[in-house]
Amino acid sequence: MLLAIDVGNTHTVFGLWNGESWCAVWRRATNAADTEDQLAAWLKGLFDLSGFDWRVDYALCASVVPAANEALDKLCERWLGVRVHFLRTGEEVGLPVDYEPASAVGADRIANALGALEKYPAPIVVVDFGTATTFDSISADGVYVGGAILPGVGLSSQALFQRAAKLPQVEFKAPETAIGKTTIHSLQSGIMLGYAGAIDALATKINAELGGNATVIATGGLGGLFLGLCESIESYEPTLTLEGLLVASRRLELLVSRA
């Protein structure tokens, strides 16, 4: 059993791979102040509710919150009896990276690239809708060549609500028309349709730089909202980062066996 952990700025996703499928995927708010004991109590409760034995064989983590790593390390070692491996570079899992410096590419973006390459022919653009929305660009020869980062739709809209006292928070729902007839309608038009337009504009430019025939896929918690709304996005892969960690775990085990 593999425990794959994707630590984002807003949420942490725990996935259990039983050798054939993801038998469980659990999401928790990321809190760097959590102790290993708090995490263990929460996670064991989910194991018990799901009818799983409290054990794993291997643990692999992609984290963009360094302050949370120590508790995860202790969680796995103390409560699960395994050492967690933190994915750090593309080099360690056989992913060529053309970026300056290569070590600056986040572990989640490495995992996204690995997961995408496992399912789609290159070139590929991965749009990950999280706290930030990131674009991961993979060239036709399978090299991670960079991308783009913009504020996530939740982060940018929250800034608007905080700075404009009379504007209400609204549901992330695309309206039928761009011309808003109410304040809520107008906000949803600007937030959803405007953001979708920004995604399409960036995806189109990146695609052109990759040669014009890239597959554009979405992932991340809010990615499903933009499937069908963004003309450039062809599919939504909600577990793409976990899939990439699965690929990484196989490559790391292969490296260990050859050592």
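Predicted model: local features only at pLDDT ≥ 70, side-chain atom pairs only at ≥ 80, totals over all residues.
Let's start with helix 2, which covers residues 69–80. Its 12 residues reach 16 Å from the first C-alpha to the last, close to the 16 Å expected at 1.5 Å a residue.

So which residues of helix 2 are buried? They are Asn-69, Ala-71, Leu-72, Leu-75, Cys-76 and Leu-80. These residues cover an arc of only 165° around the axis, which puts them on the same side of helix 2. As a reminder, an α-helix has 3.6 residues a turn, so residues three or four places apart point the same way. On the other side of helix 2, you'll find Glu-70 and Arg-78 exposed.

What covers the buried residues? The cover includes helix 1 (36–50), along with strand 1 (2–7), strand 2 (11–17), strand 4 (58–63) and strand 5 (84–86).

Now over to strand 6, residues 124–129. Here 6 of the 6 residues are buried, so strand 6 is largely enclosed by the rest of the structure. Ile-124, Val-126 and Asp-128 point one way, while Val-125, Val-127 and Phe-129 point the other way, and all are buried.

Val-127 has Phe-135 as its bridge partner in strand 7. Strand 9 (residues 215–219) runs parallel to strand 6, with 5 bridges; there, Ile-124 is partnered by Thr-215.

Key:
Residues numbered from 1 in each chain as written. Heavy atoms only, no water. Helix = DSSP H or I, 4+ residues; strand = E, 2+ residues; numbered from the N terminus. Expected span 1.5 Å × (residues − 1). Buried < 20%, exposed > 50% of the residue type's maximum accessible area, 1.4 Å probe, protein only. Arc of directions from axis to C-beta. Contact = heavy atoms within 4.5 Å. Pairing = 2+ DSSP bridges.
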